[in-house]
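My plan is to look up a few residues and their surroundings, and to write down what I find.

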Amino acid sequence: MPTDIFLLATLKAEIAQDLGFTVETLPTQLTIPQTAKILDVTPNTLSIWRCLGRHNLPFVKTGKSVKYRVHDVAEFIASHRFTHTAQVAV
């Protein structure tokens, strides 16, 4: 199911604010520490997710550099929103 465009725009604005950017100055890709801060996990957790393919969070790897697209992080957050615990798949 496609994510609501308004929800993604709102999430991107929240990401920008949390990282000290405006929507206009927000880079298109985030570093590992920035992504970890937004998702409230450690950079090591992101490394584990990448290595094991957990949570289907896409990343961009160029040489040794790993980045996360803001759009993908916003979609990841949107796909992990629930209204009650019975919705959460184990």
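I began with Gln34. Leaving aside neighbours within four places in sequence, Gln34 is in contact with Leu19, Phe21 and Gln29. Contact means heavy atoms within 4.5 Å.

Before going on, I noted the ground rules. The model is predicted, so local features need pLDDT of at least 70 and side-chain atom pairs count only at pLDDT 80 or more, while totals for chains, interfaces and linings use all residues. Residues are numbered from 1 along each chain as its sequence is written, and side-chain values use heavy atoms, with hydrogens and water left out.

**Entry: Gln34 and helix 2**

I placed Gln34 in helix 2. Helices (H or I, at least four residues) and strands (E, at least two) are DSSP runs, numbered from the N terminus. The side chain of Gln34 reaches the backbone nitrogen of Thr31 at 2.8 Å.

Which residues of helix 2 are buried? I found Gln34, Thr35, Ala36, Ile38 and Leu39. Buried means under 20% relative accessible area, exposed over 50%, and partly exposed in between (1.4 Å probe, protein chains only). These buried residues pack against helix 1, strand 1 (29-30), helix 3, strand 3 and helix 4. Asp40 follows helix 2, and its phi is positive, near 55 degrees.

**Entry: the core**

Not counting residues up to four places away in sequence, Leu30 touches Ile15, Leu19, Thr35, Val66, Lys67, Tyr68, Val70 and Val73.

**Entry: aromatic pairs**

How many aromatic pairs does a search of the whole structure find? It finds two. Rings of Phe, Tyr and Trp (its six-membered ring) pair if their centres lie within 6.5 Å; planes under 30 degrees apart count as stacked, over 60 as edge-to-face and the rest as tilted.

Trp49 and Phe76 have ring centres 5.8 Å apart and planes at 45 degrees, so I logged the pair as tilted. Trp49 lies in helix 3 and Phe76 in helix 4, so the pair ties together parts 27 residues apart in sequence. Trp49 is buried at 14% relative accessibility. Phe76 is buried too, at 8%.

Phe59 and Tyr68 also form a tilted pair, at 6.3 Å centre to centre and 55 degrees between the planes. Buried or partly exposed? Phe59 is partly exposed at 35%, and Tyr68 is buried at 1%.

I then checked Arg50. Arg50 lies over the face of Phe59, at 5.9 Å from the ring centre. The test asks for NZ of Lys or CZ of Arg within 6 Å of the ring centre and within 35 degrees of the ring normal.

Ser65 lies in strand 3 and is partly exposed at 33%. Ser65 and Thr31 are 34 residues apart in sequence and 8.7 Å apart in space, C-alpha to C-alpha.

Gly53 sits in the loop between helix 3 and strand 2 (60-62). Gly53 is exposed, with 57% relative accessibility.

Methods
A polar contact is a pair of N or O atoms within 3.5 Å; within protein, one must be able to donate a hydrogen and the other to accept it, and residues adjacent in sequence count only if both atoms are side-chain atoms.
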